[in-house]
Amino acid sequence: MRLKYVLSEVLVGLWRNVTMTIAMIITMSVSLTMLGASALLYLQANEMKDFYYANIEVAMFLKSDVNDEQRLELDAALKSDELVQSYELETKEKALEKFQTLWRDTPDLVESVTAEQLPESFRVKLNNPEQYQDFAAKYASAEGVDEILDQRALLEKVFGILNSVQTMSLVASSIMAIAALLLVGNTIQVAAYSKRREVAVMKLVGASNWFIQAPFVLEAVAAGVLGALLGFGALVLGKIFLIDGALRDLTELLTPLNWENVLLMLPFMAGAGALVSAVTAWTTLRFYLRV
């Protein structure tokens, strides 16, 4: 009987202040959408780092006038080097094939480049990518070597941009979360004020604190969960129409966004929305109703 009463009071409370309830749900959905997006970006950035750092290479470009003797000496040195896990020689012809694949959408540029214009290089994978400086110092002055390029340096710039975007998303979601908290607290105050006489009577007849607070807390929790569902729906639509649609060519250059990570956001967002709403409502009632 008590459970039925509490649930009926929750529905009545949500409908009584329907405009504020809608505003609370929308604010929560926007905040949780940004929180879910930043969490997805965090997971994706970590997966990208693991994938690319596991396949990172050092490019040792050779001079245009390198001779066979110098090339063989470098090959022998790399073969016996403890820093090197594996390596391969990328000839001018292989470099041209990669160039043509990379720039296949610009045929004029592809046609203007010949194999002789591209350098030979050794593509080296180190046992420990952190030892790049030791490797570079060892081979920078070797005969036939023109330049040594660490792919990690390029990747760190990309990940730096991703980390900046992630930070901005977290800041924006935090601001929206504060707005949602204030709106939840205000909505609970209005709901409690509209039922102040009922609350006073319930306290006089000896109703317990949880029995008085439960309808208000559950109203906030319901709004938080509904907001999480709307936010999750926005993430799903973004995955379908943006990540797998308009931005598909861009995402093919990066690691794909798996549905497992997207689905993981549903319990995360619902739990965050319910917990934050419940705590805010309970704290507001403690100060406002003194129960």
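Q: What covers the buried residues of H3?
A: In this predicted model, the cover includes strand E1 (58-62), strand E2 (84-90), strand E3 (121-126), helix H6 (132-139) and strand E4 (145-150). Helices (H or I, at least four residues) and strands (E, at least two) are DSSP runs, numbered from the N terminus. Local features need pLDDT of at least 70 and side-chain atom pairs count only at pLDDT 80 or more, while totals for chains, interfaces and linings use all residues. Residues are numbered from 1 along each chain as its sequence is written; side-chain values use heavy atoms, with hydrogens and water left out.

Q: Which residues of H3 are buried, and why are they said to line one face of the helix?
A: Gln-70, Arg-71, Leu-74 and Leu-78 are buried (under 20% relative accessible area; exposed is over 50%, partly exposed in between; 1.4 Å probe, protein chains only). Seen down the axis of H3, they fall within an arc of 100°, so they line one face. The arc is taken from the directions between the helix axis and the C-beta atoms. On the other side of H3, the exposed residues are Asp-68, Glu-69, Leu-72, Lys-79 and Ser-80.

Q: What makes Asn-67 a cap of H3?
A: A side-chain oxygen of Asn-67 lies 3.2 Å from the backbone nitrogen of Glu-69, at the N-terminal end of the helix.

Q: Why is Glu-120 called buried, and what does its side chain pair with?
A: Its relative accessibility is 13%, so Glu-120 counts as buried. Glu-120 sits in the loop between helix H5 (107-112) and E3. Its side chain makes a polar contact with that of Arg-71 at 2.9 Å (N or O atoms within 3.5 Å; within protein, one able to donate a hydrogen and the other to accept it, and residues adjacent in sequence count only if both atoms are side-chain atoms).

Q: Why does Val-145 count as buried, and what does it contact?
A: At 4% relative accessibility, Val-145 counts as buried. Val-145 lies in strand E4. Beyond four places in sequence, Val-145 is in contact (heavy atoms within 4.5 Å) with Met-60, Phe-61, Lys-63, Leu-74, Tyr-139 and Ala-140.

Q: What makes one face of helix H4 the buried one?
A: The buried residues of H4 (92-102) are Lys-92, Ala-95, Leu-96 and Phe-99. They fall within an arc of 100° seen down the axis, so they line one face. Their cover includes E2 and H5.

Q: Which residues have the most contacts inside the largest nonpolar core?
A: They are Ile-188 and Met-269, in a core of 29 residues. The elements giving two or more residues to this core are helix H2 (18-54), helix H7 (151-194), helix H9 (209-246) and helix H11 (259-288). Apart from it lies another core, of 17 residues, among them Met-60, Leu-62, Leu-126 and Tyr-139. Such a core is a set of buried Ala, Val, Leu, Ile, Met, Phe, Trp, Tyr and Cys residues joined through side-chain atoms within 4.5 Å.
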